Number of protein chains: 2
Amino acid sequence: MMAHNNKEKVCILGSGNWGTTAARILANNVKSLDNIDKTINMYVYEELIDGKKLTEIINTQHENVKYLPGFKIPENVIAVPDVVEAVKDANLIVIVMPHQFVKSVLETIKPHIIPSKTKVLSLIKGVVITPKGTVTVSNLIKENLGIHDVSVLSGANIANEIADEQFCESTIGYQVEESAKLWQLLFETPNFRLNCINDVIGVELCGALKNVVAIAAGFVDGLKLGNNSKAAIIRIGLVEMRKIAPYFSDSVKGITFLESCGVADLITTCYGGRNRKLAELFVTTGKSMQELEKIHLNGQKLQGYLTAQEVYEFMVERGIVDEFPLFTKIYKICYEGENVASIFCDLKVSLL
Amino acid sequence: MMAHNNKEKVCILGSGNWGTTAARILANNVKSLDNIDKTINMYVYEELIDGKKLTEIINTQHENVKYLPGFKIPENVIAVPDVVEAVKDANLIVIVMPHQFVKSVLETIKPHIIPSKTKVLSLIKGVVITPKGTVTVSNLIKENLGIHDVSVLSGANIANEIADEQFCESTIGYQVEESAKLWQLLFETPNFRLNCINDVIGVELCGALKNVVAIAAGFVDGLKLGNNSKAAIIRIGLVEMRKIAPYFSDSVKGITFLESCGVADLITTCYGGRNRKLAELFVTTGKSMQELEKIHLNGQKLQGYLTAQEVYEFMVERGIVDEFPLFTKIYKICYEGENVASIFCDLKVSLL
């Protein structure tokens, strides 16, 4: 199901802030890639902006006025409101949408792709940790599309900073090296540098676990402690992330934690972002996390708060609570009323 | 040369901000350690404060009014103005003083110690990198005292935050494990946690190289870039630190860079500290580093700026410049007038 001209063809499913940014990069990069079709379909969940369809605005004004205002989109990006139409002829599918929508989109497109020829790259951060293990977006894609060539891209990046051409890095976690190299060609720019690593689940786990550590970083800020206390928490968090990962999958590599998806995304999440912010407010306002979610996130769940519980239940199931004093403390402070100042008690973590 | 009661005896050479903080910890910890003499001599470079000797002030008011005002020093710390008197009967020597004074102090005490029974712990960050390799404080101590049992302590800590009992960590790099365990007993508190690692030179290298990376972090701040650019620079810096270390010594361990002396000290130095600050001013004021040193450091050398040159000369000598694009860029921006915005060009670093 390649393009009629026998070239490979990219499509992108999702058109939010990050999706639109990714589409801009792809559209510029394909211009100089011989074997890739120059047109990129972008699936846009249709909505009306001042009475006008968002797809029409994008296809005429070449700007996503709702999710990435102020940045021109190259004209070779075609906004398509129908996901089946969007994936037509495409063998390179980029998925970037809120993860609660992923499953139904996968079911919709499945009859319209050729599994053996399709490569998917997921830009979605969304790992659900259960007492038995993990459900990752890459697995969801593999199972629902019946394909095995799924890569993920994750790292210390924010769509607007990339759109603004500030220097950022990211990590591609792959299962098929040749595909990773292709995704790298499609996505890399002088200001957006990519490293590839053969560790899909490691990259995905980093994206989930860093949010838990950011809760602790927010506690440190709320306690008005200095740079060194915060650096200590970030370090211990990194060590616990690296140490718990093999319990989820033997294949996780230690080196992944030194990639952008690991230490860099952790740092940036511990200095900015809403997990850190709400945890700080938890300390300074005395409000519960649920209250703070209501006030600041319209009742949406705070990712790090949710993942902290999932990680704890997993550790209980495996009988490894004692090996992860920071993860345990975060859970107990968030859910069992332990004093936030106790975060530093018993933080004795070995690297092994 | 143990104490007359056959107990081991600690002394501390140096009484600045960090030395005084260390003395307070030691003095409290020895109270509950059976085999350690309860009195701790602290060598104080004598000076007059409002006409009164600093040693007398410390021994009567139990406060170092000049270097750590506001914090009581336990009465079992005895300030001693003569370094030979200070080391008398001591077999556990802690050295914490500006590194330009170390050599003469070592020569002075050498006839008064028993090399085979003496353990030294250095709290000094000071590595000189030459085109041929490194001259570290631990080596200086070994050579000048003729001993081999030298450990070093380094990490993300600032004396005042430790004195203030904010949670901090540090790393003990050791050659003799039993000694490291003893130093850990002597120094650890609930708020000052120590890990021991069999890698003296690795710990010392981290303390030097992180200052070079902090120069790059300051550039990013000066360029008014966001959190992700900064996290990328910190990450690449960490990778280059880890990658260059084995060129100095085969014995360096990769895991050391995940200890407090590594990633944590790097983070804290890239968010605070004068290396970062002066590099930011370098960008925002357009002044040269030498000018900034004159204005802000009374002409004293900025450590990261100096080390950047030393590292570059070492890389040239070894023919490995191309493997370290960030270290190279920092040098060229500081010393060869390259545009600071070029810091992100060619930053393609592999972990191997």
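Conventions. Residues are numbered from 1 along each chain as its sequence is written, and chains are lettered from A with ligands numbered from 1, in the order in which they are written. The model is predicted, local features need pLDDT of at least 70, side-chain atom pairs count only at pLDDT 80 or more, and totals for chains, interfaces and linings use all residues, while side-chain values use heavy atoms, leaving out hydrogens and water.

**View 1. The open sheet of chain A.** Eight strands run in the order β5-β2-β1-β6-β7-β10-β11-β12 (chain A), and the pairing is mixed. Helices (H or I, at least four residues) and strands (E, at least two) are DSSP runs, numbered from the N terminus. Two strands pair if DSSP finds at least two bridges between them. β5 (77-80) and β12 (192-197) of chain A form the edges; each has a single partner strand, so one side of each lacks a neighbour in the sheet. Neighbouring strands are turned by 20° against each other on average, direction ignored. Axes for such angles are lines fitted to C-alpha atoms, for helices over the stretch in contact, and angles run from 0 to 180 degrees between N-to-C directions. At one end of the order, β2 (residues 40-43) of chain A runs parallel to β5(A), joined by four bridges. Here A:Tyr43 faces A:Val80 of β5(A) as its opposite residue.

View 2. An unreviewed UniProt entry gives the annotation "binding site" to A:Gly14, A:Ser15, A:Gly16, A:Asn17, A:Trp18, A:Gly19, A:Phe101, A:Ala159, A:Arg274, A:Lys301 and A:Gln303. These positions spread over 290 residues of sequence and up to 22.5 Å in space, between C-alpha atoms. UniProt positions follow the numbering used here, feature names are shortened, and annotations may be inferred rather than shown by experiment. A:Asn17 belongs to helix α1 (residues 17-30) of chain A. A:Asn17 is partly exposed, because its relative accessibility is 28%. The classes are buried under 20% relative accessible area, exposed over 50%, and partly exposed in between (1.4 Å probe, protein chains only). Beyond neighbours within four places in sequence, A:Asn17 contacts A:Tyr67, A:Leu68, A:Ala159 and A:Asn160; contact means heavy atoms within 4.5 Å. A:Phe101 sits in the loop between β6 (92-95) and α4 (102-109) of chain A. With 44% relative accessibility, A:Phe101 is also classed as partly exposed.

View 3. For residues 9-178 of chain A, UniProt (unreviewed entry) lists "domain: Glycerol-3-phosphate dehydrogenase NAD-dependent N-terminal". The span is 30% helix and 25% strand, and its end C-alpha atoms lie 16 Å apart. A:Gly70 occupies the loop between α2 (54-61) and β5 of chain A. Its relative accessible area is 63%, so A:Gly70 is exposed.

**View 4. The interface of chain A and chain B.** Each side contributes to the contact: 42 residues from chain A and 42 residues from chain B. The buried area is about 3,800 Å², with 56% from carbon and sulfur atoms. Buried area is the accessible area (1.4 Å probe) that two parts lose on being put together, summed over both. In chain A, A:Phe167, A:Asn228 and A:Arg235 lose the most area to chain B, together 20% of what that side buries. Four salt bridges cross the interface. A salt bridge is a side-chain nitrogen of Lys or Arg within 4 Å of a carboxyl oxygen of Asp or Glu. A:Arg235 and B:Glu169 make such a pair (2.7 Å, N to O).

View 5. Strand β6 (residues 92-95) of chain B runs parallel to β7(B), with four bridges. B:Leu92 stands opposite B:Lys119 in β7(B). Strand β7 (residues 119-122) of chain B is covered on both faces: B:Lys119 and B:Leu121 are buried on one side, B:Val120 and B:Ser122 on the other.

**View 6. A buried glycine of chain B.** B:Gly155 lies in the loop between β10 and α6 (159-163) of chain B. B:Gly155 counts as buried, because its relative accessibility is 0%. Its contacts beyond four places in sequence include B:Lys125, B:Glu169 and B:Asp265. The C-alpha atoms of B:Gly155 and B:Cys261 are separated by 3.8 Å, at 106 residues apart along the chain. Helix α10 (residues 260-271) of chain B lies across β10 (150-154) and β11 (168-173) of chain B, at about 140° to β11(B).
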